[in-house]
Amino acid sequence: MLRALRPVLGPALGSAAAPGRVGLVPARGRKTRHDPPAKSKADRLKLPPPVDPEELLVVTERADFKLEVLQRKREAQQAQEDSAALSQEHQLLMAWNAQENARQRARREERIRKEEEEEKRRKEEAAASMAQKLEALLKEKEKEVLQLQEEAQTFITPENLEERIEECLNNPRNHNFAIDRDGRVVRRTVLS
């Protein structure tokens with residue numbers, strides 16, 4: 001037969017050479033939960049003990065009576081709590097609650113109003129900055145248009161083509177030259 005062993009601490013049951021060592025001692029013949037039942041008890045069916053109907057009736061009557069007594073006690077206590085003092089305290093608490101709700105509502109409305117003002121101010125600032133950007137863009141485009149108009153005066157058109165050819169022939173330019181690092185002309189070839 002297998003016997004369960006339980007650990008025991010201390011030198012009393014362990015060896016004298018190793019104090020504090022865990023020793024194993026039989027646990028008074030008890031089985032562990034993993035041991036199978038004995039062969040002689042393997043086929044036994046455990047049945048609950050029979051219930052006496054008279055005794056069951058007495059027990060249920062006692063339980064019903066106990067519940068009834070507790071219910072009456074609870075009702076009496078509830079009636080006592082519903083006195084005028086509790087009603088007055090309830091009215092005071094309800095009034096305080098109403099005041100607190102009104103105060104919180106006022107704070108909330110003030111916060112919402114400030115948030116709306118802040119949002120309005122941000123929108124106005126954004127609109128103003130967009131207007132400034134648009135105005136700067138328009139000025140830049142206007143400047144570009146004026147510059148193009150000035151450059152258009154020097155364009156070669158069919159009307160002034162003869163004049164430009166005559167001017168180029170009268171004023172020859174030599175673009176064949178070398179420059180140093182400072183941008184000064186160093187050498188120039190002679191026009192032929």
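1. Let's start with Lys41: this residue is exposed, since its relative accessible area is 51% (exposed means over 50%, buried under 20% and partly exposed in between, with a 1.4 Å probe and protein chains only). Lys41 sits in the loop between strand E2 (23–26) and helix H1 (53–81). Together with Lys31, Arg44 and Lys46, Lys41 forms a positive surface patch. Patch residues have over 30% relative accessible area and no salt bridge, with like charges joined within 9 Å and nonpolar side chains (Val, Leu, Ile, Met, Phe, Trp, Tyr) within 5 Å.

2. A word on the model. It is predicted, so local features need pLDDT of at least 70 and side-chain atom pairs count only at pLDDT 80 or more, while totals for chains, interfaces and linings use all residues. Residues are numbered from 1 along each chain as its sequence is written, and side-chain values use heavy atoms, leaving out hydrogens and water.

3. Now the overall layout: the protein chain has three helices and four strands, in the order β-β-α-α-α-β-β from the N terminus. Helices (H or I, at least four residues) and strands (E, at least two) are DSSP runs, numbered from the N terminus. Of the chain's 192 residues, 4% count as buried.

4. Is Asn160 buried or exposed? Asn160 is buried, because its relative accessible area is 17%. You'll find Asn160 in the loop between helix H2 (84–152) and helix H3 (161–170), where its side chain reaches the backbone oxygen of Phe155 at 3.1 Å.

5. Leu169 belongs to helix H3 and is exposed, given its relative accessible area of 64%.

6. The count of salt bridges comes to eleven (a side-chain nitrogen of Lys or Arg within 4 Å of a carboxyl oxygen of Asp or Glu). One of them pairs Arg103 with Glu100, with the closest N and O atoms 2.4 Å apart. Both residues lie in helix H2, three residues apart, or about one turn of the helix. Arg103 is partly exposed at 41%, and Glu100 is partly exposed at 22%.

7. Helix H2 also holds Glu135 and Lys139, four residues apart, and these two form a salt bridge with their closest N and O atoms 3.8 Å apart. Glu135 is partly exposed at 46%, whereas Lys139 is exposed at 53%. Elsewhere, shared partners link Glu110, Arg113 and Glu117 into one salt-bridge network.

Notes. Areas by Shrake-Rupley, 256 points an atom, 1.4 Å probe, with all protein chains shown as cover. Lys, Arg positive; Asp, Glu negative; His and termini not counted. Charge placed at Lys NZ, Arg CZ, Asp CG, Glu CD. Polar contact = N/O pair within 3.5 Å; in protein donor to acceptor, adjacent residues only side chain to side chain.
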